[in-house]
Amino acid sequence: MPDDKSPMYERGAATMKAIGNAAPGPGRNRFPNLPPEQADDVQRKLVEFCFGDTWGREGSHIDLKTRRLLTIAALVSQGKERQLKGHISGALAQGITPEEITESIVHLIAYVGFPSGLTALEIANEVFAARK
């Protein structure tokens, strides 16, 4: 990561901290299967765009809890299991209860179907058990 961080990067890092994510930095490579130069570039984009511009959008009327549940819903609907695990764990770190997460996923079954919903519930229960 470069030492000179943009204001958007700083906002993204602050947003990540606010939702219980480890701040990016040395030794915190989110993408260990990528070559270092790719991992650094993707991490910068993730912090700036996803967390700085999208999650940290100024003037938004959507709180961080709602953003997290919307993100979980999007991941469930797309079948993105690896990312779903991370966001469920992040939701718990953020103070969202297992019951709120479970109820959100159960609600989604009517819209995304039983296979996606049941897989998401299994993943959620794995994450809940791992954090106990």
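Which residues of the largest nonpolar core touch the most other members? The legends below begin with that core. The model is predicted, with local features requiring pLDDT of at least 70, side-chain atom pairs counted only at pLDDT 80 or more, and totals for chains, interfaces and linings using all residues. Residues are numbered from 1 along each chain as its sequence is written, and side-chain values use heavy atoms, leaving out hydrogens and water.

**View A. The largest nonpolar core.** Ile72, Val76, Leu84, Ile88, Ile101, Ile105 and Phe128 touch the most other members among the 18 residues of this core. Two or more residues each come from helix H3 (64–78), helix H4 (81–94), helix H5 (98–112) and helix H6 (114–131). H6 supplies the largest share, six residues. A nonpolar core is a set of buried Ala, Val, Leu, Ile, Met, Phe, Trp, Tyr and Cys residues joined through side-chain atoms within 4.5 Å. Buried means under 20% relative accessible area, exposed over 50%, and partly exposed in between (1.4 Å probe, protein chains only). Helices are DSSP runs of H or I with at least four residues, strands are runs of E with at least two, and both are numbered from the N terminus.

View B. Apart from neighbours within four places in sequence, Ile88 is in contact (heavy atoms within 4.5 Å) with Ile72, Ile101, Ile105, Ala120, Ile123, Ala124, Val127 and Phe128. A second, separate core has six residues, among them Tyr9, Ile19, Phe51 and Trp55.

**View C. Gly12 in helix H1.** Gly12 lies in H1 (residues 7–18). Gly12 counts as buried because its relative accessibility is 0%. When residues up to four places away in sequence are not counted, Gly12 touches Val47, Phe51 and Gly52.

**View D. The largest pocket.** The volume of this pocket is about 600 Å³. Its lining has 18 residues, and Arg30, Phe31, Leu46, Arg82 and Gln83 lie nearest the centre. Helix H2 (36–55) and H4 each give two or more residues to the lining, and H4 gives the most, with six residues. By class, the lining holds eight nonpolar, seven polar and three charged residues. Here Ala, Val, Leu, Ile, Met, Phe, Trp, Tyr, Cys and Pro count as nonpolar, Asp, Glu, Lys and Arg as charged, and the others, Gly among them, as polar. On a 1 Å grid over the protein atoms alone, a pocket is an open set of points with protein on both sides within 12 Å along at least five of seven lines, a 1.4 Å probe being used, and lining residues have an atom within 4 Å of a point. Grid points are joined across faces, edges and corners, and the volume is the space filled by probe spheres set on the points.

View E. A salt bridge is a side-chain nitrogen of Lys or Arg within 4 Å of a carboxyl oxygen of Asp or Glu; the count comes to five. Arg44 pairs with Asp41, with closest N and O atoms 2.8 Å apart. Arg44 and Asp41 are separated by about one helical turn because they are three residues apart in H2. Glu48 also pairs with Arg44, at 3.0 Å between the closest N and O atoms. Glu48 is buried at 18% relative accessible area, whereas Arg44 is partly exposed at 25% relative accessibility.

View F. Glu100 and Lys65 form a salt bridge whose closest N and O atoms are 2.4 Å apart. This pair links distant parts of the chain, Glu100 in H5 and Lys65 in H3, 35 residues apart.
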